[in-house]
Amino acid sequence: MNLPVLILHATGTNRDAEAARACELAGASPHIVHVNQLREGIRRFSDFGMLVLPGGFSYGDALGAGVRQALDLHVFFHEELTDFIQTGKPVLGICNGFQTLVKAGLLPGAADDGGRRSVARRDVTLTHNARDRFECRWVHLAVEQGARAGCLAQLREPVFCPVAHGEGNFQVSDNETLGRLEKDGLVAFRYVDSNGARADGRYPLNPNGSVADIAGICNRAGNVIGLMPHPEDHVDPIQNPLGDGKGLGLSLFRAMIASAGR
């Protein structure tokens, strides 16, 4: 039986169909479920083996990108979602979904550091792009070697896919926090050039000014991953504007779905 994947929909979500297609092509059985169905108990997180928070502008970004949806998760589903994550089931947040996971404190999550300050929900954020404008362009991103999300080791080449966001600038509260993210293997993706070399902050390779070229992070358990670019928009070679068919984002979905079956 194919892995049932919950694609969470809320008012303003607009990339759920693309995420569902990516999951289907990767061998899973996607189900687009409105958040109200979960609130009413019609569907439950436990019915599924994987959760995807797709991109879009949930609730119109009225309180900031991902903030209102993060409140939904915290107020209505905190215990259920915590149980889902603690069982090791994979969670993927893309663009607005990544913003939601960060604002909800689920990424990078708390870390035990012997009594010193831990990486907590307010130590990292996604804020307005450095050029203070919406960015819609194709980028390359590479898996960070040593990332705790072990399933990402299956991605053998940089992923080539679009970004489409106004608040994708990943920033940290201080250098200590950045150092801890690096040391603990919580950096999952970085912006790179077409050869896989670090962008080093160069625009438009790094489209939003994210610190240390960070395009995505994971939690300490490695089963929750978030990233700003849209891998679901490059799941077929025909979608590649360069015409070379390289860097399919489908590889990320295949890796995460395969990890759920282990």
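Visitor: Thanks! To start, where is Cys95?

Guide: Good place to begin. Keep in mind that this is a predicted model. Cys95 sits in the loop between β4 (91-94) and α4 (96-103).

Visitor: Is Cys95 buried or exposed?

Guide: Cys95 is buried, because its relative accessibility is 3%, and the cut-off for buried is under 20%.

Visitor: Which residues does UniProt list for "active site"?

Guide: The UniProt entry, which is unreviewed, lists Cys95, His230 and Glu232 under "active site". They are spread over 138 residues of sequence, yet they cluster in space, with a largest C-alpha distance of 10.9 Å. Cys95 and His230 are also included in the lining of the second largest pocket.

Visitor: And where do I find His230?

Guide: Look in the loop between β11 (224-227) and α6 (250-260). His230 has a relative accessible area of 3%, so it is buried as well.

Visitor: What does His230 touch, leaving out residues up to four places away in sequence?

Guide: Its contacts are Arg15, Gly55, Ile94, Cys95, Cys161, Pro162, Val163 and Ala164. If you do the exercise for Cys95, again leaving aside neighbours within four places, you get Gly55, Ala164, His165, Leu227, Met228 and His230.

Visitor: Let's switch to helices. What is the span of α3?

Guide: Helix α3 covers residues 67-86 and spans only 23 Å between its end C-alpha atoms. A straight helix of 20 residues would span 28 Å, at 1.5 Å a residue.

Visitor: Where does α3 bend?

Guide: The bend is at Phe77, and it is about 95°. Phe77 is also one of the buried residues of α3.

Visitor: Which other residues of α3 are buried?

Guide: Besides Phe77, they are Gln69, Ala70, Asp72, Leu73, Leu81, Phe84 and Ile85. Here is a handy general point: an α-helix has 3.6 residues a turn, so residues three or four places apart point the same way.

Visitor: What covers those buried residues of α3?

Guide: The cover includes β1 (4-9), α2 (35-39), β3 (50-53), β4, α4 and β11.

Visitor: What comes just after α3?

Guide: There you will find Gly88, with a positive phi of about 95°.

Visitor: Which residues other than glycine have a positive phi?

Guide: Asp132 is one of them, with phi of about 55°. Asp132 lies in the loop between β5 and β6 and is exposed, because its relative accessible area is 63%. Asp200 also has a positive phi, near 55°. Look for Asp200 in the loop between β9 and β10, where it counts as exposed at 59% relative accessibility.

Visitor: What about cis peptide bonds? Which residues does one join?

Guide: One joins Leu107 and Pro108, with omega of about -5°. Pro108 is in the loop between α4 and β5 (124-127). A cis peptide bond also joins Tyr203 and Pro204, with omega of about 5°. Pro204 is in the loop between β9 and β10.

Visitor: One more loop, please. Where is Glu167?

Guide: Glu167 is between β7 (159-165) and β8 (169-172). Its relative accessible area is 17%, so Glu167 is buried. Glu167 and Asn96 are 71 residues apart in sequence, while their C-alpha atoms are 9.0 Å apart in space.

Visitor: And a strand to finish: where is Val143?

Guide: Val143 belongs to strand β6, residues 135-143. Val143 counts as buried, because its relative accessibility is 18%. Not counting residues up to four places away in sequence, it touches Leu152, Leu155, Ala188 and Phe189.

Note on methods. Residues numbered from 1 in each chain as written. Predicted model: local features only at pLDDT ≥ 70, side-chain atom pairs only at ≥ 80, totals over all residues. Heavy atoms only, no water. UniProt positions renumbered as here; feature names shortened; annotations may be inferred. 1 Å grid on protein atoms, 1.4 Å probe; cavity = no way out; pocket = protein on both sides within 12 Å on 5 of 7 lines; lining within 4 Å. Helix = DSSP H or I, 4+ residues; strand = E, 2+ residues; numbered from the N terminus. Buried < 20%, exposed > 50% of the residue type's maximum accessible area, 1.4 Å probe, protein only. Contact = heavy atoms within 4.5 Å. Expected span 1.5 Å × (residues − 1). Bend = angle between axes of the 7 residues up to and from the residue.
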